Amino acid sequence: MTHGGSHPLLAPNLFEVCKVLTLAILGLVDVILDGLGGAIPPLADPLAGLSGFLLSPLIVALLTWLIAMTVMLLWATLFNLLTVMWIERKLYSRLQDRYGIMISIWSLPFWPFNRKDRPTHKGTGYLQNVADGVKLLQKENITPATADGAMFHASPVLIASSTLMIFVALPWSSGFYIAQLEFGLLFVLAAFSLAPFGILVAGWSANNKYTLVGGMRAAAQLMAYEIPMILAVIALTFSTGSLNLFEIVAQQDRPLAMLGPVAIPAWYAFGPQALGFLIFTVAIVAEMERIPFDIPEAEAELVEGWTTEYSGMRFGILFGFKWLRMIAGAAMIVIMYLGGWSGPVFATPIVAGVPIPIVPEEAWFLLKVWFLCVVFIWISWSVPRVRIDQILQIGWKRLVPFSLLAVLIGAGARVVGW
Amino acid sequence: MSAPALHPPITGRPVPGAEVEILAQIGSRFPDKVRDPSVVRPRVLKITIDRADLVEVARYLKDVLGFEHLSCVTAVDWKDHFESVYHLSNWYNGTILQVNAHIPYDDPRIDSLVPLWNAANYHEREAWDLMGVVYEGHPNLERILLPKDFKFHPLRKEFAQEVDRQYISRRKLKGGK
Amino acid sequence: MGPQHPMTHGLWNMRVQVDGETITDAAPEIGYLHRGYEKIMEVREFQKNVVLTDRLCYVSSITWSHAYCLAVEKMMGIDVPDRAKWMRVISLELQRVASHLMWLAAFGPDLGLLTGLLWALRERELFLDLIQVMAGARMNQNYPRIGGVRNDFPENFDAMCRRSIEHFREKLVEYRKLFHDSKVFHMRTRGVGRISTADAIDWGVTGPNLRACGVNVDLRRLDPYESYEDVDFEPQVWKGREGGDSYARFICRFNELEESCGIILQAFEKMPKDGAFRVKPPRRAEGEGFARTEDSRGEALFYVCGDGDDRPYRVKIRSPVFCTMAATPIMLRGNKLADVVAILGSIDVCVGEMDK
């Protein structure tokens with residue numbers, strides 16, 4: 001087992017991997033254009049110029065970025081979101097002593113899956129979320145007549161775009177990222193904190209007493225829990241000395257102590273940042289509006305809270321982005337406190353000239369993020385929800401002093417040299 | 001129970017023989033106002049009074065005899081008179097007392113017991129709503145179960161019963177045959 | 001809040017005046033489910049009205065039909081055989097457990113504890129199966145008769161009940177962990193929706209809501225009917241200080257689950273092994289009679305008048321939830337908006353009996 005020898009699957013980074021794909025596509029286009037130029041002689045020169053233009057570095061970079069961003073988007077929403085939603089639905093169903101979603105791939109209505117001899121509902125249930133998304137797509141997007149139209153339509157866009165912005169700077173391994181920012185942590189936290197604006201706008205613009213109450217509650221709650229979050233991060237920066245997410249993870253890649261043959265890595269959750277870790281986790285659960293902190297969306301009192309008046313895919317976006325924010329939040333916790341993507345690599349076979357690490361960094365990261373999501377889901381479905389004034393009391397009266405204490409501990413540890 | 005201010009603790013068990021004692025006390029306090037008092041069965045009493053004596057008797061029952069719980073207020077339409085029936089419970093000895101207050105048919109008014117027991121609030125509203133008996137002194141005597149603009153008092157015997165309704169076909173409603 | 005609201009159990013409207021998040025005044029509006037029961041019960045014969053009284057509170061049908069049958073029996077002056085009394089006790093207690101479990105299933109999601117819904121409904125299935133074996137249907141069973149019950153118990157019914165109750169008692173331990181041990185649950189229910197004892201008695205609150213204020217009134221003990229005199233059980237009264245809040249109501253109702261199981265097992269031992277389960281009542285009746293019973297939600301009182309015909313002249317239904325609803329403004333004032341559904345969940349509203 002090598003320590004500190006984790007390798008990403010997408011090496012050296014996403015841009016380079018996508019560049020291979022872009023060059024392959026452009027090479028194909030080049031061949032086609034060459035063939036066309038050969039077949040139609042008058043067009044030979046303009047087509048050669050076109051293919052030269054297409055293969056220029058600017059266009060290659062542009063296309064590569066497009067492909068990279070698409071890959072990141074699909075990775076976050078198509079793969080991660082679906083998987084975490086599936087995990088949640090299955091887990092809480094099992095907690096409630098029932099099977100949960102059970103749809104099978106044989107329920108798809110097209111060939112080769114529309115066989116009549118296989119049961120349609122004895123499967124894993126993974127496709128259920130896709131089905132729910134399709135259902136929401138084909139529903140009518142109703143706008144209440146008395147709602148503020150521009151703001152009502154703008155709010156899902158705001159929430160969705162600010163959440164997707166997080167994934168620009170949030171790396172999934174040391175190679176799987178879009179942008180390597182020097183102040184990556186700051187950017188991620190800032191993008192994470194933009195969504196409350198969208199929620200407040202949604203609550204006000206729908207012109208409905210339930211959404212108004214939900215929006216106000218959401219604003220108060222999310223504002224109250226930003227402070228401990230930022231303070232915990234400040235405490236962390238005493239230990240890390242940098243806001244660069246890659247550096248933070250790299251610093252946690254070393255062993256802290258040896259417990260027999262197993263090395264305990266130097267994750268920040270184990271050191272002086274333990275208090276900060278707990279505070280940040282609680283603050284993130286509150287920011288993600290999960291039970292026990294989901295009073296803004298409390299369907300017991302407020303029908304559906306601030307999303308009451310949304311229907312169709314607008315509701316689907318808001319609903320889905322709650323999970324996306326959970327993934328982003330869990331990813332932040334994992335990067336900052338749980339060692340990110342560092343983990344032992346057991347073997348690195350070379351397949352067709354490409355080294356494939358077993359287990360790559362992406363897998364460790366996903367494992368940790370999903371484990372954290374499982375913990376959040378378990379807590380969510382076992383406790384009742386806390387009332388808004390109690391939430392604010394916990395936030396202001398308990399978490400803020402503790403987070404100040406964490407800052408003190410962090411600073412003190414730095415001075416002492418821990 | 002002679003001293004009204006001291007209430008014995010609520011034991012949760014009935015006191016045997018309490019109903020006979022209570023009946024004797026009522027009989028001695030209101031000898032002429034109470035008509036045919038009787039012990040129906042153990043722990044159950046029944047008296048009949050006129051509507052003018054209601055508040056006085058009720059106040060005595062509540063303050064002196066400890067009937068602190070008003071279970072029910074009913075209005076019954078006997079075609080020649082109304083009756084407002086009160087069921088009062090005594091939590092101390094487990095007795096329940098039924099008071100039938102006689103109300104003439106053409107003047108369906110009676111004093112409200114809301115000043116004594118707030119439990120009468122909803123019950124009297126319901127009796128007014130369904131039967132049309134006016135409870136004077138009620139804070140807001142308005143319809144509670146039926147829609148606010150409903151015009152009739154359905155529980156009266158003159159209001160058509162379910163089996164007396166005619167089925168009117170849609171064609172007939174629109175002016176056909 | 002209402003009448004279309006996902007978490008008000010049933011159809012009623014609560015007009016709440018708020019100042020920020022604090023409730024300053026509240027006024028319930030009921031009558032959305034008014035079906036004109038008292039009028040239509042005058043048209044049907046005495047026995048046929050049991051079909052209607054079942055559907056008064058559809059969650060707890062046997063207790064309501066039984067109250068009606070008791071009132072008519074008092075009016076007719078007939079006596080029910082011994083075995084029938086015990087059978088009625090067992091069926092009432094089974095229905096009471098099922099009704100309380102339905103309340104628990106509704107109370108959990110009110111506070112955000114959606115797991116409670118599934119668990120309580122899972123346990124309710126046990127008792128609904130027992131009721132189905134006994135009476136033929138899970139809900140609206142049409143089981144009590146004037147003069148007894150409809151049919152005798154099936155064979156091995158006591159063994160079935162014992163097995164289900166044993167399984168249920170093990171599950172109660174899990175419920176304690178989910179509800180009682182949860183700090184958030186205590187935060188949401190302690191001190192919330194408080195009503196004083198004097199206010200409760202004044203406004204006519206009965207049942208577990210009154211016992212939560214510390215008043216030791218259980219009509220099965222205070223005014224025994226059927227064979228409750230011979231049954232040894234403990235009315236669940238809140239014994240601590242500062243009762244009358246949602247937590248006290250929850251505890252009183254929750255502990256009644258255990259008590260009812262005890263009553264059922266006792267009744268099986270004390271029941272006469274054979275005997276008539278029904279006497280034939282007279283067809284026509286004159287006079288007036290009333291009976292009150294301890295329904296799952298409080299004191300249910302039926303007042304029946306007859307004028308010699310074979311159908312009642314007047315039936316008055318006194319519903320405990322009707323009176324408790326009148327007291328809700330007191331419980332709601334001063335609390336937060338988020339507590340409205342929690343408080344109303346703790347008083348166990350069943351709109352069917354409230355609106356008749």
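User: Where does Ser342(A) sit?
Analyst: Ser342(A) is in the loop between helix H11 (312–337) and strand S3 (350–351) of chain A. Helices (H or I, at least four residues) and strands (E, at least two) are DSSP runs, numbered from the N terminus. Keep in mind that this is a predicted model, where local features need pLDDT of at least 70, side-chain atom pairs count only at pLDDT 80 or more, and totals for chains, interfaces and linings use all residues. Residues are numbered from 1 along each chain as its sequence is written, chains are lettered from A and ligands numbered from 1 in the order in which they are written, and side-chain values use heavy atoms, with hydrogens and water left out.

User: Is Ser342(A) buried or exposed?
Analyst: Ser342(A) counts as buried because its relative accessibility is 5%; buried means under 20% relative accessible area, exposed over 50%, partly exposed in between (1.4 Å probe, protein chains only).

User: And what does the side chain of Ser342(A) reach?
Analyst: The backbone oxygen of Gly339(A), at 2.6 Å.

User: Switching to aromatics: how many aromatic pairs over all chains?
Analyst: There are 45. Rings of Phe, Tyr and Trp (its six-membered ring) pair if their centres lie within 6.5 Å; planes under 30 degrees apart count as stacked, over 60 as edge-to-face and the rest as tilted. One of the pairs is Trp78(B) with Tyr313(C), stacked at 4.8 Å centre to centre and 10° between the planes.

User: Which loops does that pair join?
Analyst: The pair crosses between chains. Trp78(B) is in the loop between strand S3 (69–77) and strand S4 (81–89) of chain B, and Tyr313(C) is in the loop between strand S6 (298–307) and strand S7 (314–318) of chain C.

User: Why do Trp78(B) and Tyr313(C) get their accessibility labels?
Analyst: Trp78(B) counts as partly exposed because its relative accessibility is 22%, while Tyr313(C) is buried because its relative accessible area is 5%.

User: What about charges over rings?
Analyst: The charged end of Arg29(B) sits over the ring of Phe30(B), 4.6 Å from its centre. In chain C, Arg221(C) has its charged end over the ring of Phe233(C), 4.5 Å from the centre. The cut-offs are NZ of Lys or CZ of Arg within 6 Å of the ring centre and within 35 degrees of the ring normal.

User: Last one: where is Leu36(A)?
Analyst: Leu36(A) is in helix H1 (residues 14–39) of chain A. Leu36(A) is partly exposed, with a relative accessible area of 38%.

How values were computed: A polar contact is a pair of N or O atoms within 3.5 Å; within protein, one must be able to donate a hydrogen and the other to accept it, and residues adjacent in sequence count only if both atoms are side-chain atoms.
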